[in-house]
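The entries below follow the order in which I looked things up.

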Amino acid sequence: MTDATKPHAADKPLKVLVYSDDARTREQVILALGKRPHPDLPPVEYVEVATEPVVVQQMDSGAIDLAILDGEAVPAGGMGIAKQMKDEIFRCPPVLVLTGRPQDAWLATWSRAEAAVPHPIDPIQLAEAVTRLLRPRVATASTASAR
């Protein structure tokens with residue numbers, strides 16, 4: 001895998017990868033976040049992915065700003081994919097794992113994900129976590145473009 005860190009232009013939409021083998025889970029995430037999870041952030045474009053090979057391909061492209069991975073996906077769970085990405089991608093973008101239940105958040109720490117949100121998806125909790133993860137990427141880009 002390659003270096004996925006690139007400065008983000010403040011006027012460019014953020015790219016968020018949403019991985020789950022379940023189309024309803026992907027839809028819930030996208031509906032919960034909407035086109036702009038927070039007014040301080042640029043708009044968001046979603047890349048829906050249903051299989052592990054496509055997650056790897058998309059992450060290798062270097063165009064993803066945040067990966068949201070379903071920890072309950074089969075056959076490849078989001079926690080295992082997160083761990084692989086964190087081990088193999090230099091400056092991997094932030095990762096949020098959707099866990100089966102709130103008590104499973106500790107498992108997400110093994111995967112080195114920066115955040116975990118349990119099923120069923122709470123739109124407010126998800127938006128807060130996504131905003132917390134994306135803000136530094138936008139701030140870094142703003143600082144870089146000001147130079």
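What covers the buried residues of α2? I found that the cover includes β1, β2 (44–49), β3 and α3.

Before going further, I noted that this is a predicted model, in which local features need pLDDT of at least 70, side-chain atom pairs count only at pLDDT 80 or more, and totals for chains, interfaces and linings use all residues. Residues are numbered from 1 along each chain as its sequence is written, and side-chain values use heavy atoms, with hydrogens and water left out.

Entry 1, the chain. I took helices (H or I, at least four residues) and strands (E, at least two) as DSSP runs, numbered from the N terminus. The chain has five helices and five strands, and from the N terminus on I read them as β-α-β-α-β-α-β-α-β-α. I counted a residue as buried under 20% relative accessible area, as exposed over 50% and as partly exposed in between (1.4 Å probe, protein chains only). Of the 147 residues in the chain, 46% are buried. By the Shrake-Rupley method with a 1.4 Å probe, where for residues only the protein chains shown count as cover, the chain exposes about 7400 Å². Carbon and sulfur atoms supply 55% of that area. I defined contact as heavy atoms within 4.5 Å. Among contacts between residues at least 6 apart in sequence, 71% join residues at least 24 apart.

I listed Val55, Val56 and Met59 as the buried residues of α2. They cover an arc of only 95° around the axis, and therefore lie on the same side of α2. The arc is that of the directions from the helix axis to the C-beta atoms. On the other side of α2, I found Pro53 and Gln57 exposed. Glycine 62 follows α2 and has a positive phi, near 80°.

Leaving aside residues up to four places away in sequence, threonine 25 touches Ser20, Asp70, Leu98, His119 and Ile121.
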